[in-house]
Amino acid sequence: MKKIITTTKAPAPIGPYNQAVLSGNTLYTSGQIAINPETGELVLDSILKETTQVMENLKEVLAAAEMTFENVIKTSIFISDMNNFGEINAVYGQYFNEETAPARETVEVANLPKFVNVEISAIAVK
């Protein structure tokens, strides 16, 4: 059994996918990029602001499933330039308690949707 999770507080999907799918007690989020859900515009002023928007979008998707970052057990971070890792990691770290932070991987890729610099997805459990 799966339940589709949607919220207007995060960017709407631009294709045949959903913001998140809840299967049992496990939530699988789609990758979030730095689209401001109120304006539909990308937030690319700096890697810090871009990553903050990504994490805020992810926070809203989690909230729509009645979860928080404390429920996250795994994240995947895709970045276009590993030189941005330090700044991305600094912002990312503000959203997690270091002692209970999830498992994750960080992968540099050639391109991301809309040619953004960072995309993050998560798996969370109630």
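Visitor: What is the strand order of the open sheet of six strands, and what is its pairing?

Guide: The order is 1-2-3-6-4-5, and the pairing is mixed. Strands here are DSSP runs of E, at least two residues long, while helices are runs of H or I with at least four, numbered from the N terminus. Before we go on: this is a predicted model, where local features need pLDDT of at least 70, side-chain atom pairs count only at pLDDT 80 or more, and totals for chains, interfaces and linings use all residues. Residues are numbered from 1 along each chain as its sequence is written, and side-chain values use heavy atoms, leaving out hydrogens and water.

Visitor: Why do strand 1 and strand 5 stand at the edges?

Guide: Strand 1 (2-5) and strand 5 (103-108) each have a single partner strand, so one side of each lacks a neighbour in the sheet.

Visitor: What makes strand 2 and strand 3 a pair?

Guide: Pairing takes at least two DSSP bridges. Strand 2 (residues 20-23) and strand 3 (residues 26-29) have four and run antiparallel, so they qualify. Val 21, for one, is bridged to Tyr 28.

Visitor: Which strands does helix 1 touch?

Guide: With contact meaning heavy atoms within 4.5 Å, helix 1 (residues 47-64) touches strands 1, 2, 3, 4 (72-79) and 6 (118-125).

Visitor: What makes Leu 27 part of a nonpolar core?

Guide: A nonpolar core is a set of buried Ala, Val, Leu, Ile, Met, Phe, Trp, Tyr and Cys residues joined through side-chain atoms within 4.5 Å, buried being under 20% relative accessible area with a 1.4 Å probe, protein chains only. Leu 27 is among the residues with the most contacts inside the largest one, which has 28 residues. Helix 1 gives the largest share, six residues.

Technical notes. Axes fitted to C-alpha atoms, helices over the stretch in contact; angles between N-to-C directions. Buried < 20%, exposed > 50% of the residue type's maximum accessible area, 1.4 Å probe, protein only.
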